[in-house]
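Take a look at the sequence and the model shown here.

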Amino acid sequence: MTLSHIQLNTPKLEEQVSFYEKYFDFKRKPHGKGFFLWNKSHFLMAVNPLPEAPVMPSWFHIGFRYETKAEVQALYDRLEGDGFNVGE
């Protein structure tokens, strides 16, 4: 079995879609009031507007697999350099 998609909702639609495009190389396609995002691995994210941010558990996250530690470090450095606190 392969996980094929995830549905995310956000009050900051453009900001969230742009984040996944910029840092994770997703491409966007309009869908209804939101977007479908997909990457080179054919993973699909549906991102839709929501008036208020949903309350998510503190442990919620989405993980992306990279082939090398150097790729992970490069992304970490890029995110940190752009002001994101991504932890360890």
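What follows goes from the whole chain to single residues.

This is a predicted model, in which local features need pLDDT of at least 70, side-chain atom pairs count only at pLDDT 80 or more, and totals for chains, interfaces and linings use all residues. Residues are numbered from 1 along each chain as its sequence is written, and side-chain values use heavy atoms, with hydrogens and water left out.

Start with the overall layout. The protein has two helices and four strands. Helices (H or I, at least four residues) and strands (E, at least two) are DSSP runs, numbered from the N terminus. Along the sequence, the order is β-α-β-β-β-α. The C-alpha trace spans about 40 × 30 × 25 Å along its principal axes.

Next, the surface and the charges. The protein exposes about 7,000 Å², an area that comes from the Shrake-Rupley method with a 1.4 Å probe; for residues, only the protein chains shown count as cover.

Now go inside. Of the 88 residues, 23% count as buried. Buried means under 20% relative accessible area, exposed means over 50%, and partly exposed lies in between (1.4 Å probe, protein chains only). In soluble globular proteins, nonpolar side chains tend to be buried together. A nonpolar core is a set of buried Ala, Val, Leu, Ile, Met, Phe, Trp, Tyr and Cys residues joined through side-chain atoms within 4.5 Å. The largest such core here has 14 residues, and V17, Y20, F24, F26, L37, M45 and V47 touch the most other members. At least two core residues come from each of α1 (13-24), β3 (34-38), β4 (44-49) and α2 (69-81). The largest share is from α1, with five residues.

Contact means heavy atoms within 4.5 Å. Among contacts between residues at least 6 apart in sequence, 48% join residues at least 24 apart. Leaving aside neighbours within four places in sequence, F24 is in contact with F19, F64, Y66 and L75.

Which residues does Q16 contact beyond its neighbours within four places in sequence? They are L8, T10 and V47. Q16 sits in helix α1 and counts as buried because its relative accessibility is 18%.

α2 has 13 residues and reaches 18 Å from its first C-alpha to its last, close to the 18 Å expected at 1.5 Å a residue. The expected span is 1.5 Å times one less than the number of residues. After α2 comes G83, with a positive phi near 100°. Y76 lies in α2. Y76 has 29% relative accessibility, so it counts as partly exposed. Neighbours within four places aside, Y76 is in contact with V86 and G87. The C-alpha atoms of Y76 and G87 are separated by 9.1 Å, at eleven residues apart along the chain.

Finally, check two loops. Most residues other than glycine have a negative phi, and most peptide bonds are trans. D25 has a positive phi near 55°. It lies in the loop between α1 and β2 (27-31) and is exposed, with a relative accessible area of 53%. H42 also is not a glycine, and its phi is positive at about 70°. H42 is in the loop between β3 and β4 and counts as exposed at 69% relative accessibility. H42 and V55 are 13 residues apart in sequence, and their C-alpha atoms are 28 Å apart in space.
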